Each structure stands twice: as structure tokens, then as C-alpha cells.
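Reader: Could you walk me through how to read a few features here, starting with pockets?

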Amino acid sequence: MSLRTIIDAYELLDDIRVTGADVASFLKARDVKDVTVTRVKGEKGEADFIKAVIAGTQGKTAGGSAPTLGVVGRLGGIGARPERLGFTSDGDGALSAIAVAAKLGMMSVRGDRLAGDVIVTTQICPTAPTRPHDPVPFMDSPISSAQSNDYEIDSRMDAVLCVDTTKGNRIINKRGFAISPTVKEGWILRTSEDLLSIMQTTTGELPAVFALTQQDITPYGNGLYHLNSILQPSVATDKPCVGVAITTVSQVAGCATGATHVTDIDEVVRFCIEVAKDYTAGHCRFYDEEEFARMLKQYGSMSHFQTMGRL
């Protein structure tokens, strides 16, 4: 159960004055010892990027070989001030990631250390801009998507969960969350059966998967329509990425306030933690490595979809 951690994190983030340093202090107070903050400036403002590393007993930080899971809280901003007052729906990605890191820190000090490392990244900006988008307005970001990728993706990550609010669409319409098929090197692969099983266990319901198109896994700025930015981290790594979409039945704008449901965030946090347990212990696969190798041999590389293409 992570409700108390989520509520504490929410109260911290729902503040126009909150900074990355504040978030780092919050995490360190919950025994996350390795936290770094980097302020990044863009054309529309600046954001503080958080990176928290929770070391495993057999992870790379300990000289071991257990795989490392990345958890990326993807968003434009936790606030759209002064246009909108309060914590935005788009901020749920950051809220989820911070709660995951805090909960893993508390687990570690209580003796429940994972086998491998977990690297959690997200960004903090309480004054992000907005921009038009159909069917509802998007949150914009003070920095570019490419800049975000530079700080969200760490080369030590062996697989990545990309958590993002995904409420302003008619593709997936349910309360809670849904996962995507695995994306790797420009390929949209089969949805992981292991992740579906974990989702079924943590929610107590049948798993939900949202549809992806080829456009969705290409870089922002190429002139193509994107569902949202949930799989943008996949263009910056050759490791498998899975989107964890926080969803609603109705269409809710990313810049909307008063739209955060702590019970939905709790489901996401518990899912991410259970994936971290199983993946770093070698019991969860994001994709079939043999089948992927066969696909490359038969059909060739799709990595050009990770680029801007022929503009």
C-alpha cells in the first residue's frame, strides 16, 4: 500500500515554489540515498530533473549482474501556473515516479531490498506552458522532448517503464491504468505476458492494453500526430520500453486541475514496484529475445523510426 506516500508527495508537489531540491529532500528522508537534481533550461522556461537510484543486493552498483529497471515519470509539468492554479493531471507521471522511489527506499531500509538496481527519473516544473491539441489541450513543456530524453534515460537501464497521464484521448477509456505493447528499437512488439500477469495481480482485474501506432513511437517535432509523449523515452534507448498510462473514462485535459485520483496512482505505484521485484530478480521478461533476433534477421532494423526521418 502506498497511499500515505502518494498523499505526502502530492502535498509537496502542489506548490508553485516546489523545486527539485525539495523533492530530493523528501526522498532522502525516506532512505533514498542516491538522489541527484539537474536544472535544465529550455526555450519556454526551465525544469528540475530528478534521478534516484535504489541499489539492489546484486545490482550493478554493488558490482553484481542483476538487471536494472528504469521508471520514468513522463510529463510536461506538474503545474500550468499562472494559467491554471494547482496540480495538473499531467503531473500524475511525476507523482507516481516519486512515490515509487520513496516506497522502494522505505522497503530497502526495512530489509526488503530488491536483487537489482532501480533508477527512477522525472522532472519538476510547477509553471509549465500549455498548447492546443485535439481532442483536449496538452500540457506543453518548458524544454524539448529531446532534452527530457537526455535526462530521463540512463545507460544503466536494461528495461524501462514510462509512466504518463494518458487521459485526453478516445483510444483507452477506463479508470485506472493501462500498459502498452513493448517498444524496442522502432519495433512495436507483442505485449509482455509477464507484465499482464503482474497487472492482473495488482489491480485484481483483467489487464488493459492501449493501442500504439507507428507515429506514437517516433520523435516529437517530426510533424506527425502522437497520442502523447508516453513512449518518447523509447527513441533515446535500444532497451525495451513499456508505457504505463494513467487513464480515465472521460477525456481529461493534461492541464486540468483537481483530476488526480490517488487510488489510481496507488495501482500504478504497486504495479511498478512488483515489476521491479520480478524484473531485477530475472523473473519478468519485457520481450522475447530470440524472437526479436529472428525479426531483425528476417525484416531488418526499424531503428530509423527513432530518428527524425527525412524532413
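Author: On a 1 Å grid over the protein atoms alone, a pocket is an open set of points where a 1.4 Å probe fits, with protein on both sides within 12 Å along at least five of seven lines; lining residues have an atom within 4 Å of a point. Points join across faces, edges and corners, and the volume is the space filled by probe spheres set on them. This is a predicted model: local features need pLDDT of at least 70, side-chain atom pairs count only at pLDDT 80 or more, and totals for chains, interfaces and linings use all residues. Residues are numbered from 1 along each chain as its sequence is written, and side-chain values use heavy atoms, leaving out hydrogens and water.

Reader: What volume does the largest pocket have, and which residues are closest to its centre?

Author: About 670 Å³. Of its 39 lining residues, Arg131, Ser141, Ser145, Tyr220 and Ser229 are closest to the centre. Helix α4 (a DSSP run of H or I, at least four residues) gives the largest share of that lining, five residues.

Reader: How many disulfides are there?

Author: A disulfide is a pair of cysteine sulfur atoms within 2.5 Å. A search of the whole structure finds zero. Take Cys125: the nearest cysteine sulfur, in Cys255, is 14 Å away, too far for a bond.

Reader: Is Cys125 buried or exposed?

Author: Buried means under 20% relative accessible area, exposed over 50% (1.4 Å probe, protein chains only). Cys125 is buried at 1%, and Cys255 also counts as buried, at 1%.

Methods. Helices (H or I, at least four residues) and strands (E, at least two) are DSSP runs, numbered from the N terminus.
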